[in-house]
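Subject: Structure for you to look at

Hi,

Here is the structure I promised to pass on. Please open it beside this email and follow along.

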Amino acid sequence: MQERLKELQEEALQAVDAAADLKELNDIRVSYLGKKGPITEVLKGMGKLSAEERPKMGALANEVRDLISAKIEEKQQALEAAAVEARLALETIDVTLPGRPVHTGNHHPLTRIVEEIEDLFIGMGYTVAEGPEVEKDYYNFEALNLPKSHPARDAQDSFYITEEILLRTQTSPVQARTMEKHDGKGPVKIICPGKVYRRDSDDATHSHQFMQIEGLVVAENIRMSDLKGTLELFAKKLFGEDREIRLRPSFFPFTEPSVEVDVSCFKCGGHGCNICKQTGWIEVLGSGMVHPNVLEMSGFDSKKYTGFAFGMGVERIAMLKYGIDDIRHFYTNDTRFLKQFKLN
Ligand code: 2NL
């Protein structure tokens, strides 16, 4: 019996040693130490032993059982530790791998132009003013020297909400509102960017909705030379240090005198090319000295105050600057177009 127990011990310890995983180890535990296992079998035969041998054999059987049990426990810990190690090895993160690219958007080309122009004028002491896109006929037309019968209203046919309310056709109403708030006291120095609407058929150069930036300065002793100096700076900032400007007489109901402002061609430098249609000059904005009627209607004494104002279409500036051939690109949101204006 003693031999049989020693044999079982040897056998069990070898099996434990050879166990490759926790399941196998558990099977070994059940088969050697379980109720139907060989040790239990051996102990059942103890009845045949003498009273003297019985306790010895009992003690030996317990010893064998404890030894096997301890070995199983030891092996179990080793296998569990190995499993953790294996899993850690499998889940190792290589921190030197390049990261996944983060997709970033970019500003719309019109936003870029607007912000560039805002920056320039803010640097000269202007503030940015905004106002409603749904506007009163009074601020959009009347306060700008365009009474109901005025023929120039035709060129700015609008979308009417009622007889007196419309989608603004220009950002000038923001300027009229701002002047009114000043209670006849200067200086006013503002720049007004925003969306405007006209009843037009869309094509490569026309859109029923577009963006404008207008500027207004009202103070004492503002002269045409102030207008010219300011717009020359503007042209150089947007189209290059070497640019010059040229003023041509024009007409706007809200300015007198009025001028069209041309910039010397940024492509050919003024020699003549396809961009400037061989003239050397590109028309970029309209401007003039604020009409006395406009000053008076907004509460300024036109004998004391003078001012200049200008307005430009943002799409036109962007098309010139970036070489865009169709105004509809700005609104169709094709990412192949938009992505080209990503900085960096
Ligand atoms: C253009 C020309 C212009 C103005 C806008 C203006 C505003 C007030 C008073 C006087 Cl409150 N003038 N704005 C003046 C001259 C030209 O815009 O071609 N815009 C796209």
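A definition comes first: helices here are DSSP runs of at least four residues, numbered from the N terminus. Keep in mind that this is a predicted model.

**Helix H7**

Start with H7, which spans residues 172-181. Is this helix mostly covered or mostly open? It is mostly covered, with seven of its 10 residues buried. Buried here means under 20% relative accessible area. The seven are Ser172, Pro173, Val174, Gln175, Ala176, Thr178 and Met179.

What do these buried residues pack against? Two of the partners are helices: H6 (137-140) and H9 (292-297). The others are the strands S2 (134-136), S4 (188-197) and S5 (209-219).

**After the helix**

H7 is followed by Asp183. This residue has a positive phi of about 55 degrees, although it is not a glycine. Asp183 lies in the loop between H7 and S4. At 61% relative accessibility, Asp183 counts as exposed.

That loop also holds Pro187. The peptide bond from Gly186 to Pro187 is cis, with omega near 0 degrees.

Look for a cis bond between Glu256 and Pro257 too; omega is about -5 degrees there. Pro257 sits in strand S7, residues 255-264.

Asn221 is another non-glycine residue with a positive phi, about 65 degrees. Find Asn221 in the loop between S5 and helix H8 (224-239). Its relative accessibility is 60%, so Asn221 counts as exposed.

**The ligand**

Now turn to the ligand. How many residues surround it? There are 16. The closest are Gln175, Gln212, Glu214, Gly286 and Ala309.

Which elements supply the shell? H7, S5, strand S8 (281-290) and strand S9 (306-313) each give at least two residues. S9 gives the most, with five.

Check these distances to ligand nitrogen atoms:

- Glu214: an N or O atom in the side chain is 2.7 Å from a nitrogen atom of the ligand.
- Gly311: a polar backbone atom is 3.3 Å from a nitrogen atom of the ligand.
- Gln212: a polar side-chain atom lies 3.5 Å from a nitrogen atom of the ligand.

On its own, the ligand has 490 Å² of accessible area, and the protein covers 88% of that.

**Two loop residues**

Glu133 is in the loop between strand S1 (127-128) and S2. Is Glu133 buried or partly exposed? At 28% relative accessibility, Glu133 counts as partly exposed. Leave out residues up to four places away in sequence, and Glu133 touches Leu166, Leu167, Arg168, Lys195 and Tyr197. With Tyr197 there is a polar contact, side chain to side chain, at 2.6 Å. His291 is 158 residues from Glu133 in sequence. In space the two are 24 Å apart, C-alpha to C-alpha.

Ser158 is in the loop between H6 and strand S3 (165-167). Its relative accessible area is 2%, so Ser158 is buried. The side chain of Ser158 reaches the backbone oxygen of Leu167 at 2.8 Å. Neighbours within four places aside, Ser158 is in contact with Leu166, Leu167, Thr169 and Arg199.

**Aromatic rings**

How many aromatic pairs does the structure hold? It holds 12. Take Phe330 and Tyr331: their ring centres are 6.3 Å apart. Why is this pair edge-to-face? Planes over 60 degrees apart count as edge-to-face. The planes of Phe330 and Tyr331 are at 65 degrees, so the pair qualifies. Phe330 has 3% relative accessibility and counts as buried. Tyr331 is partly exposed, at 30%.

Ring pairs also link Phe121, Tyr126, Phe234, Phe308 and Phe310 into a cluster.

Best wishes

Note on methods. Residues are numbered from 1 along each chain as its sequence is written. This is a predicted model: local features need pLDDT of at least 70, side-chain atom pairs count only at pLDDT 80 or more; totals for chains, interfaces and linings use all residues. Side-chain values use heavy atoms; hydrogens and water are left out. Buried means under 20% relative accessible area, exposed over 50%, partly exposed in between (1.4 Å probe, protein chains only). Contact means heavy atoms within 4.5 Å. Rings of Phe, Tyr and Trp (its six-membered ring) pair if their centres lie within 6.5 Å; planes under 30 degrees apart count as stacked, over 60 as edge-to-face and the rest as tilted. A polar contact is a pair of N or O atoms within 3.5 Å; within protein, one must be able to donate a hydrogen and the other to accept it, and residues adjacent in sequence count only if both atoms are side-chain atoms. A residue is near a molecule or strand if one of its heavy atoms lies within 4 Å of it. Accessible areas come from the Shrake-Rupley method with a 1.4 Å probe; for residues, only the protein chains shown count as cover.
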